[in-house]
Amino acid sequence: MNVTLKIFRFDPQKDKEPYYQTYEVDADPMDRLLDCLNRVRWEQDPTLSFRMSCGHGVCGSDGMRINGICGLACQKLVKEFKEEILVEPMPVFKVVKDLVVDLEPFLEKYNSIKPYLITKTSPPDHERKQSPEEQHVFETAVRCILCACCTASCPVNQNQETASYVGPAALVRAFRYLFDSRDEASGERIALLDRKDGVWGCQTLWKCTQVCPKEIPVTKQIGQIKKRIYDSKHSKT
Ligand code: SF4
Ligand code: FES
(Lines give C-alpha, C1' and ligand atoms only; values in the text may rest on other atoms or scores of the structure.)
(Ligands and ions follow the chains in the order given, each with its own letter.)
Protein backbone atom coordinates (compact mmCIF):
# COMPACT_ATOMS: atom_id res chain seq x y z
CA MET A 1 0.00 0.00 0.00
CA ASN A 2 1.01 3.60 -0.54
CA VAL A 3 1.34 5.65 2.65
CA THR A 4 1.40 9.44 2.67
CA LEU A 5 3.20 11.00 5.61
CA LYS A 6 2.83 14.70 6.32
CA ILE A 7 5.66 15.44 8.72
CA PHE A 8 6.40 18.51 10.85
CA ARG A 9 9.82 19.90 10.04
CA PHE A 10 11.78 22.49 11.96
CA ASP A 11 15.46 23.03 12.36
CA PRO A 12 15.88 26.05 14.69
CA GLN A 13 19.43 26.48 13.38
CA LYS A 14 18.26 27.30 9.87
CA ASP A 15 14.44 27.60 9.67
CA LYS A 16 12.61 30.77 10.63
CA GLU A 17 9.29 28.91 10.95
CA PRO A 18 8.20 25.27 11.14
CA TYR A 19 6.71 23.75 7.99
CA TYR A 20 5.23 20.42 6.88
CA GLN A 21 6.81 18.10 4.33
CA THR A 22 4.98 15.28 2.57
CA TYR A 23 6.56 11.92 1.73
CA GLU A 24 5.13 8.89 -0.09
CA VAL A 25 6.24 5.48 1.17
CA ASP A 26 5.52 2.03 -0.24
CA ALA A 27 4.59 -0.09 2.80
CA ASP A 28 3.06 -3.39 3.85
CA PRO A 29 -0.20 -2.92 5.80
CA MET A 30 1.48 -4.61 8.78
CA ASP A 31 4.40 -2.16 8.77
CA ARG A 32 4.52 0.24 11.68
CA LEU A 33 4.67 4.00 11.35
CA LEU A 34 8.23 3.72 12.67
CA ASP A 35 9.15 1.49 9.68
CA CYS A 36 7.85 4.20 7.34
CA LEU A 37 9.78 6.95 9.13
CA ASN A 38 12.93 4.85 8.92
CA ARG A 39 12.31 4.30 5.20
CA VAL A 40 11.96 8.04 4.67
CA ARG A 41 15.22 8.67 6.50
CA TRP A 42 17.16 5.85 4.83
CA GLU A 43 15.81 6.17 1.29
CA GLN A 44 14.53 9.69 0.77
CA ASP A 45 15.65 12.28 3.28
CA PRO A 46 18.49 11.69 5.75
CA THR A 47 17.88 15.11 7.31
CA LEU A 48 14.65 13.97 9.00
CA SER A 49 15.19 13.69 12.78
CA PHE A 50 13.27 11.53 15.23
CA ARG A 51 14.17 9.37 18.21
CA MET A 52 13.88 5.59 18.28
CA SER A 53 15.72 2.70 19.83
CA CYS A 54 14.06 -0.64 20.65
CA GLY A 55 11.34 -0.62 18.00
CA HIS A 56 9.10 -2.68 20.28
CA GLY A 57 7.37 -0.43 22.82
CA VAL A 58 10.04 -0.87 25.47
CA CYS A 59 12.37 2.14 25.44
CA GLY A 60 9.73 4.89 25.18
CA SER A 61 11.86 7.05 22.88
CA ASP A 62 9.57 7.40 19.83
CA GLY A 63 6.68 9.30 21.39
CA MET A 64 5.15 11.71 18.89
CA ARG A 65 1.77 13.18 17.93
CA ILE A 66 0.14 11.02 15.27
CA ASN A 67 -3.01 12.43 13.67
CA GLY A 68 -3.39 14.64 16.74
CA ILE A 69 -2.97 11.90 19.37
CA CYS A 70 0.27 11.15 21.21
CA GLY A 71 1.59 7.62 20.88
CA LEU A 72 4.59 5.48 19.98
CA ALA A 73 5.43 5.24 16.28
CA CYS A 74 6.55 1.64 16.81
CA GLN A 75 3.07 0.66 18.04
CA LYS A 76 1.04 2.08 15.15
CA LEU A 77 0.36 -0.16 12.16
CA VAL A 78 -0.09 1.77 8.93
CA LYS A 79 -3.22 -0.25 8.10
CA GLU A 80 -4.92 1.60 11.00
CA PHE A 81 -4.78 4.82 9.00
CA LYS A 82 -7.02 5.49 6.03
CA GLU A 83 -5.53 8.55 4.43
CA GLU A 84 -2.53 10.75 5.02
CA ILE A 85 -0.81 10.36 8.41
CA LEU A 86 0.02 13.64 10.13
CA VAL A 87 3.18 13.25 12.22
CA GLU A 88 4.18 15.99 14.65
CA PRO A 89 6.37 16.37 17.74
CA MET A 90 4.71 15.94 21.13
CA PRO A 91 3.15 19.19 22.36
CA VAL A 92 4.18 20.85 25.67
CA PHE A 93 7.90 20.37 24.97
CA LYS A 94 10.30 22.60 23.02
CA VAL A 95 11.24 21.25 19.60
CA VAL A 96 14.93 20.45 19.26
CA LYS A 97 14.60 19.40 15.61
CA ASP A 98 11.69 17.97 13.59
CA LEU A 99 10.10 15.27 15.81
CA VAL A 100 12.73 15.46 18.55
CA VAL A 101 11.69 17.41 21.65
CA ASP A 102 13.59 18.57 24.72
CA LEU A 103 12.60 16.22 27.56
CA GLU A 104 14.83 17.87 30.16
CA PRO A 105 11.91 19.70 31.93
CA PHE A 106 9.96 16.43 31.91
CA LEU A 107 12.84 14.59 33.56
CA GLU A 108 13.35 17.39 36.09
CA LYS A 109 9.74 16.99 37.21
CA TYR A 110 10.16 13.24 37.31
CA ASN A 111 13.27 13.57 39.49
CA SER A 112 11.48 16.03 41.80
CA ILE A 113 9.23 13.28 43.20
CA LYS A 114 12.25 11.18 44.32
CA PRO A 115 11.76 8.27 41.92
CA TYR A 116 13.56 5.67 43.99
CA LEU A 117 12.94 3.48 47.02
CA ILE A 118 13.71 5.27 50.31
CA THR A 119 14.36 3.22 53.44
CA LYS A 120 15.27 4.40 56.96
CA THR A 121 15.71 1.12 58.79
CA SER A 122 18.91 -0.91 58.61
CA PRO A 123 18.98 -3.34 55.73
CA PRO A 124 18.12 -6.94 56.60
CA ASP A 125 20.66 -9.72 56.05
CA HIS A 126 19.04 -10.59 52.75
CA GLU A 127 16.59 -8.73 50.53
CA ARG A 128 13.70 -6.57 51.77
CA LYS A 129 10.83 -8.96 51.31
CA GLN A 130 7.51 -8.22 49.69
CA SER A 131 4.55 -10.54 49.15
CA PRO A 132 3.02 -11.00 45.66
CA GLU A 133 -0.12 -9.25 46.99
CA GLU A 134 1.91 -6.24 48.12
CA GLN A 135 3.70 -6.11 44.77
CA HIS A 136 0.41 -6.39 42.91
CA VAL A 137 -0.73 -3.04 44.37
CA PHE A 138 1.69 -1.04 42.19
CA GLU A 139 2.47 -3.60 39.49
CA THR A 140 0.91 -1.66 36.60
CA ALA A 141 2.86 1.50 37.46
CA VAL A 142 6.13 -0.42 36.96
CA ARG A 143 5.24 -0.75 33.27
CA CYS A 144 5.88 2.98 32.69
CA ILE A 145 8.54 3.55 30.03
CA LEU A 146 8.71 7.34 30.45
CA CYS A 147 7.58 8.00 26.91
CA ALA A 148 5.99 11.31 28.07
CA CYS A 149 2.87 10.79 25.95
CA CYS A 150 0.64 11.29 29.01
CA THR A 151 2.23 14.54 30.14
CA ALA A 152 2.27 15.89 26.56
CA SER A 153 -1.46 15.12 26.22
CA CYS A 154 -2.49 16.62 29.57
CA PRO A 155 -4.50 19.85 29.07
CA VAL A 156 -3.17 21.12 32.43
CA ASN A 157 0.43 20.77 31.24
CA GLN A 158 -0.53 22.27 27.87
CA ASN A 159 -1.92 25.41 29.54
CA GLN A 160 0.88 27.96 30.06
CA GLU A 161 -0.72 29.14 33.31
CA THR A 162 -0.72 25.67 34.87
CA ALA A 163 2.29 24.21 33.09
CA SER A 164 4.22 23.90 36.37
CA TYR A 165 1.96 20.92 37.25
CA VAL A 166 4.28 17.98 37.89
CA GLY A 167 2.33 15.90 35.35
CA PRO A 168 0.95 12.37 35.11
CA ALA A 169 4.18 10.49 34.37
CA ALA A 170 5.87 11.78 37.53
CA LEU A 171 2.72 10.97 39.52
CA VAL A 172 2.63 7.40 38.24
CA ARG A 173 6.17 6.96 39.57
CA ALA A 174 5.21 8.67 42.83
CA PHE A 175 2.32 6.20 43.16
CA ARG A 176 4.72 3.34 42.53
CA TYR A 177 6.81 4.25 45.61
CA LEU A 178 4.06 5.63 47.85
CA PHE A 179 2.27 2.29 47.61
CA ASP A 180 5.39 0.10 47.82
CA SER A 181 5.29 -1.79 51.15
CA ARG A 182 9.10 -1.53 51.45
CA ASP A 183 9.28 2.26 51.13
CA GLU A 184 9.67 4.19 54.40
CA ALA A 185 9.27 7.78 53.26
CA SER A 186 5.53 8.24 52.83
CA GLY A 187 5.51 11.46 54.93
CA GLU A 188 8.28 12.95 52.78
CA ARG A 189 6.52 11.86 49.60
CA ILE A 190 3.16 13.23 50.69
CA ALA A 191 4.76 16.59 51.51
CA LEU A 192 6.18 16.72 47.97
CA LEU A 193 2.89 15.77 46.33
CA ASP A 194 0.42 17.72 48.47
CA ARG A 195 0.70 20.91 46.43
CA LYS A 196 -1.26 22.84 43.85
CA ASP A 197 1.30 21.95 41.19
CA GLY A 198 1.71 18.46 42.66
CA VAL A 199 -1.07 15.89 42.71
CA TRP A 200 -3.76 18.57 43.14
CA GLY A 201 -2.84 19.98 39.72
CA CYS A 202 -4.65 16.99 38.21
CA GLN A 203 -8.14 17.94 37.05
CA THR A 204 -9.14 14.33 36.31
CA LEU A 205 -9.43 14.88 32.57
CA TRP A 206 -8.38 11.28 31.66
CA LYS A 207 -6.31 12.27 28.60
CA CYS A 208 -3.24 10.61 30.13
CA THR A 209 -5.03 7.30 30.58
CA GLN A 210 -6.40 7.43 27.05
CA VAL A 211 -2.98 7.74 25.41
CA CYS A 212 -0.76 5.61 27.67
CA PRO A 213 0.79 2.95 25.40
CA LYS A 214 1.35 0.64 28.37
CA GLU A 215 -2.32 0.83 29.40
CA ILE A 216 -1.49 2.08 32.88
CA PRO A 217 -4.57 3.35 34.76
CA VAL A 218 -2.86 6.72 35.19
CA THR A 219 -5.85 8.80 36.34
CA LYS A 220 -6.92 6.10 38.79
CA GLN A 221 -3.45 5.99 40.34
CA ILE A 222 -3.41 9.78 40.67
CA GLY A 223 -6.80 9.50 42.39
CA GLN A 224 -5.35 6.93 44.80
CA ILE A 225 -2.56 9.36 45.72
CA LYS A 226 -5.15 12.08 46.40
CA LYS A 227 -7.11 9.71 48.63
CA ARG A 228 -3.95 8.65 50.47
CA ILE A 229 -3.14 12.30 51.21
CA TYR A 230 -6.71 13.00 52.29
CA ASP A 231 -6.72 9.92 54.57
CA SER A 232 -3.35 10.82 56.10
CA LYS A 233 -4.68 14.26 57.11
CA HIS A 234 -8.01 12.89 58.24
CA SER A 235 -6.49 10.25 60.52
CA LYS A 236 -4.37 12.92 62.32
CA THR A 237 -7.42 14.89 63.46
FE1 SF4 B 1 4.24 6.83 28.88
FE2 SF4 B 1 2.16 5.71 30.20
FE3 SF4 B 1 4.49 6.19 31.49
FE4 SF4 B 1 2.92 8.22 30.76
S5 SF4 B 1 2.40 6.62 32.25
S6 SF4 B 1 5.16 8.13 30.52
S7 SF4 B 1 2.09 7.50 28.80
S8 SF4 B 1 4.17 4.77 29.75
FE1 FES C 1 11.30 1.98 21.77
FE2 FES C 1 9.13 2.69 20.31
S3 FES C 1 11.24 2.61 19.67
S4 FES C 1 9.29 2.31 22.43
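Where is the place of K114?

Reply: K114 sits in the loop that links α2 (104–112) to α3 (132–136); helices are DSSP runs of H or I with at least four residues, strands are runs of E with at least two, and both are numbered from the N terminus. The model is a predicted one, in which local features need pLDDT of at least 70 and side-chain atom pairs count only at pLDDT 80 or more, while totals for chains, interfaces and linings use all residues. Residues are numbered from 1 along each chain as its sequence is written, chains are lettered from A and ligands numbered from 1 in the order in which they are written, and side-chain values use heavy atoms, with hydrogens and water left out.

The backbone at K114 has a phi near 55°, a positive value in a residue other than glycine. K114 has a relative accessible area of 27%, and so counts as partly exposed (buried means under 20% relative accessible area, exposed over 50%, partly exposed in between, with a 1.4 Å probe and protein chains only).

With neighbours within four places in sequence set aside, E188 is in contact with K114, I118 and K120 (contact means heavy atoms within 4.5 Å). E188 is itself partly exposed, at 30% relative accessibility.

As background, an α-helix has 3.6 residues a turn, so residues three or four places apart point the same way.

W206 lies in the loop between α7 and α8 (207–211). Its phi is near 70°, again a positive value in a residue other than glycine. W206 counts as partly exposed, with a relative accessibility of 44%.

G223, in helix α9 (residues 218–236), and P115 are 108 residues apart along the chain, with 19 Å between their C-alpha atoms. G223 is partly exposed, its relative accessible area being 31%.

Ligand 1 has around it C144, I145, L146, C147, A148, C150, A169, C212, P213, K214, I216 and V218 (a residue is near a molecule if one of its heavy atoms lies within 4 Å of it). This shell divides into eleven nonpolar residues, no polar and one charged (Ala, Val, Leu, Ile, Met, Phe, Trp, Tyr, Cys and Pro count as nonpolar, Asp, Glu, Lys and Arg as charged, and the others, Gly among them, as polar).

Elsewhere, five strands form an open sheet of mixed pairing, in the order β2-β1-β5-β3-β4 (two strands pair if DSSP finds at least two bridges between them). The edge strands, each pairing on one side only, are β2 (19–26) and β4 (69–72). On average, neighbouring strands of this sheet are turned by 35° against each other, direction ignored. Eight bridges pair β1 (residues 2–9) with β2 in the antiparallel sense, whereas β1 and β5 run parallel and are joined by three bridges. K6 has T22 as its bridge partner in β2 and stands opposite L86 in β5. Two bridges pair β3 with β5 in the antiparallel sense, and I66 has V87 as its bridge partner in β5.

Helix α1 (residues 33–44) lies across β1, β2, β3 (63–66) and β5 (85–88), and runs at about 100° to β2 (axes are lines fitted to C-alpha atoms, for helices over the stretch in contact, and angles run from 0 to 180 degrees between N-to-C directions).

For the protein as a whole, there are nine helices and seven strands. The C-alpha atoms fill a box of roughly 65 × 40 × 30 Å along the principal axes. Of the 237 residues, 46% count as buried. Among contacts between residues at least 6 apart in sequence, 62% join residues at least 24 apart.
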